[in-house]
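Hello,

Here is the structure you will be working with. Please open it first, then read my notes below.

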Amino acid sequence: MWRSSIGKKIIMAGTGLIWIGYLLVHMYGNLKAFAGEEAFNHYAESLRTLGEPMVGHGHALMIARIVLTLSLVAHVWAAMVLTRAAQQARPTGYARFRQASGNYATITMRWGGLALGLFILYHLAHLTWNVPVLTGEYEPGNTFDKLVVGFTNPVNVVLYLLALVAVGLHLWHGSASFFQTMGWRTAANRQQIRFLTGVLAVAIPVGFAVVPLAVAAGFVA
């Protein structure tokens, strides 16, 4: 089934669901910055000790990273194959094209996905790989200090907020496509699903945005 169009759409739906779950957990963890330095650093360290003593130090975090990476690769692969198939289905463009349906999120889905891919690399360089020009001078081993110092740089804040706009648009269309792919969207529940996807597309970006904005405003320091 994975070789069919619907199979690839199911791959995109499943891997997208994994990333939505990750975003919710990650957002919850980020919000611990409002609880103060000690609480945030304890949360950051708990990610490395998760699963101990059943698994070794940092192993659960490594497994999560592998799953997320494989999910991202599968998601991008399915999207590229489906895009290529759509282009090959009509190699000659329309003499006059008019968007019959859809919205801004639908139109920008592919470019938004590319922008998010580039931002993931930037975000990793900023807060995981500790590239000095992005991270700045922070107290070694103090994750909270690294967060605060990083977001005192307005360039990091602006790029972060722009990426969150792309996240919102991607979630808006992607989560709606998930219900469509799984056959769960019907005429009877269309409005409820639209409301749910709208809430998701707003709540996650806003939940992420409040931390860098609070740091930039001096509320978290």
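Of the 221 residues in the chain, 32% are buried (under 20% relative accessible area with a 1.4 Å probe and protein chains only; exposed is over 50%, partly exposed in between). This is a predicted model: local features need pLDDT of at least 70, side-chain atom pairs count only at pLDDT 80 or more, and totals for chains, interfaces and linings use all residues. Residues are numbered from 1 along each chain as its sequence is written, and side-chain values use heavy atoms, with hydrogens and water left out.

The chain has nine helices and zero strands (DSSP runs, numbered from the N terminus: H or I of at least four residues for helices, E of at least two for strands).

Contacts come next (heavy atoms within 4.5 Å). Among those with a separation of 6 or more, 69% join residues 24 or more positions apart.

Now look at threonine 15. This residue sits in helix α1. Threonine 15 counts as buried because its relative accessibility is 8%. Leaving out residues up to four places away in sequence, threonine 15 touches Ser71, Ala74 and His75. Its side chain also reaches the backbone oxygen of isoleucine 11, at 2.7 Å. A polar atom of that side chain lies 3.2 Å from the backbone oxygen of methionine 12.

Then try leucine 31. You will find leucine 31 in the loop between α1 (5-30) and α2 (37-49).

Best wishes

Terms used
A polar contact is a pair of N or O atoms within 3.5 Å; within protein, one must be able to donate a hydrogen and the other to accept it, and residues adjacent in sequence count only if both atoms are side-chain atoms.
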